[in-house]
Amino acid sequence: MIQLISTRQEWLSIRRQISGSLGLVPTMGNLHQGHLSLIERALQENDHILVTIFVNPKQFGPNEDFERYPRTLEKDIDLIKSLERKKDQKVFVFAPSSMTEVYPENFSSVIQVKGLTEKLCGLTRPGHFDGVTTVVYQLFQLAQAQQAYFGQKDFQQFKVIEKMVKDLALPVTVHCCPIVRDDQGLALSSRNQYLTNEQKEVALILSRHLRLIASSLKEKKNTGPLIAEMLEKSDTQLTWEYLEILDAHNLEELNKSTETAVVLGALKVGSTRLIDNLLVPLNGEYIVR
Ligand code: AMP
């Protein structure tokens, strides 16, 4: 059974009647295989699930794509319907009919995680992560789910949410699910559809560079000059925002006991901003230069 819900009141009264475990998958809709992989995992690991579809204005900057962000609710619901479910498993889709269903009238609170949000995407998208943590906090409160599923695609976002859960002792376990890519290696994203075919070719440089940096790191080479050379090659159709290697545990610099590194990149192809990352196990064998 799939049930579409559009108001918080309706959801709250349904929530009271759900017994068994609930898994939450927050999304902004326009679902693709990346989202569906999260939903499938939630279906496997929970009695029932809640998928939220909400384009959250608080996480968009004034010159970003909030207005033109693709909204495709009917198609999204058909995709969710097509997924296999266990017998008697309930799937709820909460697609709020208005902002006040998520942020009640005169809402003026902000959930902010310091530190982790002040690097990488936080530098070029001021306020973005405050918008993310504020909406995810609201969704956690509404859902009262035991587990919640996020994509590694937005790795910094996951780390920020993980930190919020820990700091505020929220009663939910958060899971980070692998990145789903197309057959050329481009990480799936709702924003890929803004790209022309030519730009899609250009965009492949992101995953390609991440792979090159990851292999260089695995071979214990000094990656500094390689990254510097890659970053130099910005032009009018392609602008790098960052390419960095950090400790995947805390997004701090690598050190000799780092277990897993993460290579993260962000670039703009035309006006479309893309992000991607790769995890690289180092098992505490990183050579500090
Ligand atoms: P969004 O709708 O873009 O807010 O994404 C909703 C969730 O789907 C987030 O936790 C994303 O990290 C995750 N997600 C988006 N793209 C992918 C992908 N290509 N692979 C895996 N997860 C993804």
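## Salt bridges

Glutamate 219 and lysine 221 form a salt bridge, with the closest N and O atoms 2.8 Å apart. The term means a side-chain nitrogen of Lys or Arg within 4 Å of a carboxyl oxygen of Asp or Glu. The model is predicted: local features need pLDDT of at least 70, side-chain atom pairs count only at pLDDT 80 or more, and totals for chains, interfaces and linings use all residues. Residues are numbered from 1 along each chain as its sequence is written, and side-chain values use heavy atoms, leaving out hydrogens and water.

By this rule there are 12 salt bridges. One of them joins arginine 125 to glutamate 64 (2.5 Å, N to O). This pair links distant parts of the chain, 61 residues apart. Arginine 125 sits in the loop between α4 (121-124) and α5 (128-143), glutamate 64 in the loop between β3 (48-53) and α3. Helices (H or I, at least four residues) and strands (E, at least two) are DSSP runs, numbered from the N terminus. Arginine 125 has 10% relative accessibility and counts as buried; glutamate 64, at 29%, counts as partly exposed. Buried means under 20% relative accessible area, exposed over 50%, and partly exposed in between (1.4 Å probe, protein chains only).

## A buried aspartate

Aspartate 76 lies in helix α3 (residues 73-81). Aspartate 76 is buried yet has no salt bridge. The nearest side chain of opposite charge (Lys and Arg count as positive, Asp and Glu as negative; His and the chain ends are not counted) is lysine 75, 5.8 Å away.
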